[in-house]
Amino acid sequence: SDVCSSDLILEPGQRTYHGLKKPNEAAHDADLYRLYHKVSDEIESQGGRVVGVRLDYELKDELYSRIARASKSRQQTQHAIREEMAKSLHLKVVDGKIPIPDLRIEYVNENDCQLQRRDLELATDHYRPRGLSEKARAGFQVYARAEDTNRLRSVRDREELMTTILRM
């Protein structure tokens, strides 16, 4: 469907949720909600319009479903299938894995009907250098709570990662 001509509040196919999917992740989910508002406000202040939001488990579900279907119907290697399926969802394969962002915001810019995406990762103090490295190399914008940014920046610097850790 043409995302530019729609006057709907929610785009077709946009999932909505209520309640908690994983109660032990409520604080993280609340931080993701704040992160969504921060980034969507940035997008809108630059003339964009948010048209969709995809959460990590939605992307994982779609990715792994596609990989399973492709594996049954094609005579390709698993590596080739993973590359193709990652690309179809605008993701990258990093060290043989397909990192999934915590949150993807889909938007269009003013006078431009091409769908844009921002893949966001909310890094916590539990992040290991390797995990942070994979997310950075996948091209995600990495954010952290104010109390976690200094430790994560030291990990970034020690690992010589080319990413910016933004404050939530």
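Helices (H or I, at least four residues) and strands (E, at least two) are DSSP runs, numbered from the N terminus. This is a predicted model, in which local features need pLDDT of at least 70, side-chain atom pairs count only at pLDDT 80 or more, and totals for chains, interfaces and linings use all residues. Residues are numbered from 1 along each chain as its sequence is written, and side-chain values use heavy atoms, with hydrogens and water left out.

**Salt bridges**

Side chains of opposite charge can pair when their charged atoms come close. A salt bridge here is a side-chain nitrogen of Lys or Arg within 4 Å of a carboxyl oxygen of Asp or Glu. By this rule the model has eleven salt bridges. Three of them are listed below.

| Asp 31 | Arg 34 | 2.2 Å |

Asp 95 sits in the loop between H3 and S2, and Arg 137 in helix H4 (residues 129–137). The two are 42 residues apart, and the pair links distant parts of the chain. Arg 137 has 41% relative accessibility, so it counts as partly exposed.

Salt bridges that share partners join Asp 31, Arg 34, Arg 145 and Glu 147 into one network. Within it, Asp 31 and Arg 34 both belong to helix H1 (residues 26–45). They are three residues apart, about one turn of the helix. Arg 34 is partly exposed, at 46% relative accessible area. Asp 31 is buried, at 5%.

Arg 145 is partly exposed, with a relative accessible area of 23%.

His 90 is a residue other than glycine, yet its phi is positive, near 60 degrees. His 90 lies in the loop between helix H3 (78–88) and strand S2 (103–109). Its relative accessibility is 46%, which makes His 90 partly exposed.

Asn 111 is not a glycine either, and its phi is positive at about 60 degrees. Asn 111 is found in the loop between S2 and strand S3 (116–123). With a relative accessible area of 80%, Asn 111 is exposed.

How values were computed
Buried means under 20% relative accessible area, exposed over 50%, partly exposed in between (1.4 Å probe, protein chains only).
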